[in-house]
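Please walk me through this structure, beginning with the place where its chains meet and ending with a single residue.

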Amino acid sequence: MKPIITAKDLCLWYGSAQALDHITLDIPENSITALIGPSGCGKSTFLKTLNRMNDLVEGVKITGTVTYAGKDVFATDVNQLRKEVGMVFQKPNPFPMSIYDNVAYGPRTHGITAKKDLDQIVEQALRDAAIWDEVKDRLKKNALGLSGGQQQRLCIARALAVAPKVLLMDEPTSALDPISTSRIEELVTQLKDRYTIIMVTHNMQQAVRVSDYTAFFLLGELVEFGATESLFSQPVDRRTEDYITGRFG
Amino acid sequence: MRSRFDEQLARLNSEMIAMGALCEEAIALATKTIGEDRGDIRKEVIRISGELDQKERDVEALCLKLLLQQQPVARDLRQISAALKMITDMERIGDQAEDIAEITAYLGGYQGRETEQIQAMAAEAIGMVTDSVDAFVRRDMALAQAVLDHDDIVDGYFTKVKQSLIAMIAQNGDVGEYPLDLLMIAKYFERIGDHATNIAEWVIFSITGVHKDSEL
C-alpha cells in the first residue's frame, strides 16, 4: 500500500487542551480509511488537520508533520491544498444558488470560465456523485430544494468538480435516512478507484461495510490502525475491542 | 454499558450448557440400553433427542436475534457465530444417541467383550462432549485442544471394537446380525466424537478468530 498522506508525531493543542497526541499514520492511496472513536477523541480534529482547516484557528498549536504526496501540507498554499484534498461535511451545506452554480463554483474560482468546459465538468461531477439523472432537468433550480440525501450528493459533486485526489468526509451520512445513507456508501465505494477517501464515522457498521482501513482514536491518541476486517474481527488492543463491542464510549 | 447485551450473551451460554447436558444425558442413556433391554430408557432418549431439536431452534432464534439487534463485532460476533455452528453438531449428537437406542432394541441386552469396549468408548465420547461445551463457556483454549487430542482415543476404540467383531464372526458364523448392529453402534459413537471435535474447533475459533480449516 502506497501512502498518499502521512502524519508523523502530530500533536495539536486548542489553547492548553491537547487534542492530538503524537499521531503517526499512513493513509493508503485509493482506499477508504475510516476514523472511529468516541466523541472528543480527536478524529475530526485529525481529519481537519489534513486540509488545514484548524491550523489557522486562533490558539491552535501544532507540532509534528503532515505530508500530502510527499509535500509538507503546512508549507503548501492552502487553496492549492484544498483543491487536492476536498472536504464533505456532516450536514449537507449547498450554497443558496442553483445546482449548476454549486458545482461550477470551485472550477470558477480556479479560473475556468468557458461555458463548454464548465458544462462538461458539472455533468461529470454530478454523474460521479450519482445524482446526474435526478437533477439533469433542473440544473438551474435552487439547490436548497433538493432532499437531504440529494444535497449531500450535490456537496460531493461540488467537491469532485475541482478534481481532488483526496476526499475528507466528516460523518457524511449522520444526517441522512437509511436509503440516502446506502446511496452515499455505494457512491463512496465506487469513488475509491479514483480517489482516496478518509471518513469520520460514528456508525461502526458503516465503517465495516465501507472502509478498507480503520483507525481507532481515543483521548487524542491513535490506539490502533489496520485493515478494517481484521480490526473488527480480531482487534489487537483491548481498548479497541471494548469500544467496537460497545463496552464503553 | 451494554448490560442487556451481556445478559443475552450470558443466556446464550446457559442455553449452550443446557444443550450440552442434554447431549451427555442422551448418550449416557443410549449407552445404558446396550447392556440392558430397557424400552423406558429408549423412550427417554427419543424424548431428549426431540428436546435437543427444539433447543437448536431456540438457540438459533436467539443468535439471529442477537445478530440483528446488537450487530456484534469482534469477540461477540465470534461467540455468537460459533454457537450457531455448534448447535448443529449438538443436535446431530442427539439424533445419533437416538439411533443407538433404536439399534440396541435388536440386541436384547446382549453383553460381551465388544459391548464393554463400546461402553468404554461411550464414556470417552461423553467426556469429549462435556469438555467441548465447558471449553466454550469458560473460553478455555487448553480444554478445547484436549478435546481435539482425545478424538484419537475414540477412534482407537472404534478400531478395537471392529477387530473384536471380526474375531466374533470368525469364531462363530451363526452370530446373526449382532456384529453388524454393534459395528453401527460403535460407528455412531465414533461420529459423536467427531461432532465433539467440530464443537471444539469452533470454540478455538471463538477464542482466536481462526478456524482450523481456514489455516489450510
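How much area is buried between chain B and chain A? About 1100 Å² is buried there, and carbon and sulfur atoms give 44% of that area; buried area is the accessible area (1.4 Å probe) that two parts lose on being put together, summed over both. This is a predicted model in which local features need pLDDT of at least 70 and side-chain atom pairs count only at pLDDT 80 or more, while totals for chains, interfaces and linings use all residues. Residues are numbered from 1 along each chain as its sequence is written, chains are lettered from A and ligands numbered from 1 in the order in which they are written, and side-chain values use heavy atoms, with hydrogens and water left out.

At the interface, 14 residues of chain B are in contact with 13 residues of chain A (heavy atoms within 4.5 Å). Two salt bridges cross between the chains (a side-chain nitrogen of Lys or Arg within 4 Å of a carboxyl oxygen of Asp or Glu). Asp6(B) and Arg247(A) form a salt bridge through their side chains, at 2.5 Å from N to O.

Within chain A, consider Lys43(A). Is this residue buried or exposed? Lys43(A) is buried (under 20% relative accessible area, 1.4 Å probe, protein chains only), yet has no salt bridge. The nearest side chain of opposite charge, Glu171(A), is 5.5 Å away (Lys and Arg count as positive, Asp and Glu as negative; His and the chain ends are not counted). Beyond four places away in sequence, Lys43(A) touches residues including Val200(A) and Phe217(A).

Terms used:
Buried means under 20% relative accessible area, exposed over 50%, partly exposed in between (1.4 Å probe, protein chains only).
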